[in-house]
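Hi there,

Here is the structure I promised to pass on. Have a look at it first, and then read my notes below.

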Amino acid sequence: LLYTIKFEPCMLSSVLSKVVKRSRTPHITSLIKTMASEITQDMENMSVDNKEKKQKTNKKEKKKGGGGGGGGGAVAVSNELSPWPSYIEERITMFDRLYAEYEEFLKNQEIKQIKVTLPDGKVVEAESWSTTPFDVANGISAGLANNTVISKVNGVLWDLDRPLEGDCSLELLNFEGKEGKEVYWHSTAHVLGEAMERKYGGCLCYGPPIDGGFYYDMHLGEGSVCEADYPGLESIMKNIVKEKQPFVRLEMTKEDLMEMFKYNEFKLRIIKNKIDTPTTTVYRCGPLIDLCRGPHVRNTGKIKTLKVIKNSSTYWEGNSEAESLQRIYGISFPDNKLMKEWKLFQEEAAKRDHRKIGLQQELFFFNELSAGNCFWLPKGAIINNTLKDWIKGEYHKRGFQEVITPNIFNVKLWQTSGHWQHYAENMFSFEIEKETYALKPMNCPGHCMLFSHRPRSWRELPLRFADFGVLHRNELSGALSGLTRVRRFEQDDAHIFCTTDQIVQEIRGALDFLETVYTVIGFTYELALSTRPAKYMGDLEVWEDAEGRLKQALDEFGKPWEVNPGDGAFYGPKIDITIRDALNRAHQCATIQLDFQLPIKFNLLYNAPDGTEKRPVIIHRAVLGTLERMMGVITENFAGKWPFWLSPRQVMVVPVMPMFNDYAVEIQSKLHSQHIHIDTDLDDGATLNKKVRNAQLAQYNFIFVVGEKEKNSGTVNVRTRDNVVHGEFSVEDIAEKLVKLRDCKSNVDNLE
C-alpha cells in the first residue's frame, strides 16, 4: 500500500480492492476499508500541499537563474536519468498483469491446516497458501522476526513473505550465517542494479553476492563508470532503502521472459542458454524487475547501511571476445557497527596487502612485459624454496615419490583427458610442425601417463606421485591480481592411485598432512564434503559408496565437518578445505578430490591378487595449493613479519664502529655456514641507532650488536625487531639456538 501511494497513486483503489478480496478475516477487511477512506482523504490533502510546494520551488529556482537550461538541470539535481528508460514502465505493466493472474491463482488455492516443524522439534499450526515464514517468526517473537534475513523450508531457501504450501520443516536464518549473508548481499545487489538503471540506463547482466559483498555488471556501450559516480549511486540506493520497496517473487514462462527482457540482449542469452526448465522466477523491487532465482529479504528497508567500494571493466561471462561491461562492487550490513568494523578491517587489510609488502621487502614484483608471471627476487625465492623444501620433507615421511613431467604436451593428451573440450580457452596453445601443442595447466594427465607406461601390480598401490612442475593458465588480464591470480604458477600437486578399499586410509593421510601443515603456519580451517552434483558421470552406486568412504574418513579424522549437497565435481565427490588467516578471511587453497573418470579415459589398470585387471581410483590432493597464491596469503597473514623459520632476513649484524666490521663479517660467515640468512650493515655513515632501526623496519628477526666487548669475548649482543633485548650470547651458543628455532618451525621467535 505504501509503495502504491508513493509511486503509483492512480492504482490505489485497484490495489485496495485486491487486498480486501484476498482478506479472509472480517475485522481485517473492515480495517482496510477504514484505511482506504483515510488514505483517500490524505491523498487529496497531499495533492494540494504538493502543488503549493512545487509553486514555491519554481519561484525560488527562477530567482536563482534556473537549472542550467534544458533537461540537464533536472538530471543534475535528481542524480538520475529523466525520464527513466522506457523499458522500465513496459516491464512494470507486464509484471502487474502477470502478478494479477498469480493472485487469482493464490486466491483459488484450498486452505488447509498444516504443521510447521522448527529446529528444536516444536510444531506450529499454520495454514497452507496463507501463513508465511515471517508469520511464524513473528508468532514466536517480534525480535526474532525482525532479525531474520531469510528462511529455509524443507532445506530450501525460501522468502519470508512467500506462503507455505504444506507440512514442512522451517529454519529462520539471520545475517551471521553464510546463507544469510549471501541473501542479504544479493538483495543489496538488486538495490544497486535499480540505482544503475536509474542513473545510467544500459543493460544489467549478472549481479551476484560474493565473499565480502556483491557486484552488478552493466553494458553501457561506449560508456564507463568512474569513482566520481559513487556518491550519486549511493544517494539513489539510500533513497531506495528508505522507500522500503518489497521484494516480490513471480514465476514466469520462458516465452513471457523473452518478451519482458526483449530490450536486453544479455538477459535473452541467459534465458535461451541457461534456463532449461519451462518456467523460472523474476523478482521486483520498486521499478526494477530482474531475472533471478532469489530468494531475498522482505524489503529494501532491511538494508541499514551500504557503500559502493570499487568498479572495474570486465567481459561478458569472462570471454575476451565478447562485449565489455562495467562492474560495480558494494558492501552492506544490517548494523552501522558492522560497517565501522568493516572499514577498520579494510584499513588493516590494506596495510597487509601482499603486493605492497612484496615491493617493500623486495620479495617479488610483476611487469607488464610478462603479465601474470611473478619475478621472484632473492629474498622472495628464499621463502618460496623454504616452503617447497618443507613439503618435500613431508613427502619423504609420508611415502610420496617426487616426479618431473614435461611442460608441453600435444593436445591429443588434453583431448583424451577431456580438458581440451572444456578448458582450451584457458590454455596457452601453439603450433609445432603442423601439430597443436599446449603448456600444461594441470599435472593429472601427465601423471596418468606415468602410471600407464608399464603394467602395474596391486602390490604397488597406493602409488603416490608428487610434482612441483610449473603450470600455466591463460587467465584474462582483467582477472590478474598479484600472487592470488597468476598465469604461471607451481603447486604442491600430488595424485594417489589406489584401490577402492584404500580410499579411507589415503583420505585420512591427506587430512593428517594438511593438519600438520596448517598447524605449523597457524591457520584454522573448516571441512566440507561436497557430494554428487546434478550432472555427474558414472554409476550412482559408485558415487554413493565413495561418498560413504569420505564420510568415514572425515568421522575418523575427528574434526567438525559439514555437507555441501550437490557441490562435488562431475567426476567424483571432494572435500573442500577453507582456511582462515589472521584477519579471519577465508581462503580455499587445499583440495582433496576423488576421480573415477580419468582412470577410465586413460584406461588405467592394475593386476589384482585374483589375476584380473581392475581400475584404480585417483585422489587429487594439494595442501598449500598454488604456491604463488599461498605466498600471497601467508604474506598478508604474517603482515610481512615473517617467523624465523620462513624469514629471508633472519639476522642483521650491526657493528658499533667501523673498526669492528671485520668481526661482524666473521660472525656472518660462521652463521651462514649453518644456513642462517644473515646480513651485515657496514654503512660507516650511519649511527648505531639508525642501523638498528633500519634492521627492525626491514623485519630482521634478530639484530646482533657487536663492539669491542663482544669481539674480545667472542660474543654478540642480541635484540629483536620488537626491541626485546636478550643480552649477550657466545657465537656458538646463539648459532645452536637459531638452528633449533628454525628447525622446530615455531611462529614465535623464542630463544629459550
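Glutamate 666 and lysine 670 join their side chains in a salt bridge, 3.5 Å from N to O. Please keep in mind that this is a predicted model. Both residues belong to helix H22 and sit four residues apart, about one turn of the helix. Glutamate 666 counts as partly exposed because its relative accessibility is 40%, and lysine 670 counts as partly exposed at 36%. Elsewhere, salt bridges with shared partners tie Lys388, Arg488, Glu490 and Glu628 into one network.

The total comes to 43 salt bridges. One of them joins glutamate 125 to lysine 115, with 3.0 Å between the closest N and O atoms. Glutamate 125 is in strand E2 (residues 123-127) and lysine 115 in strand E1 (residues 113-117), 10 residues apart. Lysine 115 has 45% relative accessibility, so it counts as partly exposed. Another salt bridge pairs glutamate 460 with arginine 454 at 2.8 Å, N to O. Glutamate 460 is partly exposed at 23% relative accessibility, as is arginine 454 at 38%.

Now back to helix H22, for the sheet it lies on. Helix H22 (residues 661-672) lies across E31, E32, E33 and strand E34 (715-720), and runs at about 170 degrees to E32. Helix H23 (residues 688-697) also packs on the sheet, where it touches E31, E33 and E34; its direction makes about 160 degrees with that of E33.

The sheet itself is open and has five strands, ordered E32-E31-E33-E34-E35, with mixed pairing. Which strands stand at the edges? They are E32 (678-680) and E35 (725-730); each has a single partner strand, so one side of each has no neighbour in the sheet. On average, neighbouring strands are turned by 25 degrees against each other, direction ignored. Strands E31 (residues 651-655) and E33 (residues 702-706) pair in the parallel sense over five bridges, and methionine 652 stands opposite isoleucine 703 in E33.

Last, the nonpolar cores. The largest has 56 residues, and Ile507, Val517, Tyr518, Ile577, Ile592, Leu594 and Ile634 have the most contacts inside it. Helix H18 (residues 503-521) supplies the largest share of this core, 11 residues. Leaving aside residues up to four places away in sequence, valine 517 touches Trp390, Ile391, Val623 and Leu624. Another core lies apart from that one and has 38 residues, including Leu204, Tyr216, Ile236 and Phe247. In soluble globular proteins, nonpolar side chains tend to be buried together.

Best wishes

Notes:
Residues numbered from 1 in each chain as written. Predicted model: local features only at pLDDT ≥ 70, side-chain atom pairs only at ≥ 80, totals over all residues. Heavy atoms only, no water. Core = buried A, V, L, I, M, F, W, Y, C linked by side-chain atoms within 4.5 Å. Buried < 20%, exposed > 50% of the residue type's maximum accessible area, 1.4 Å probe, protein only. Helix = DSSP H or I, 4+ residues; strand = E, 2+ residues; numbered from the N terminus. Contact = heavy atoms within 4.5 Å. Pairing = 2+ DSSP bridges. Axes fitted to C-alpha atoms, helices over the stretch in contact; angles between N-to-C directions. Salt bridge = Lys/Arg side-chain N within 4 Å of Asp/Glu carboxyl O.
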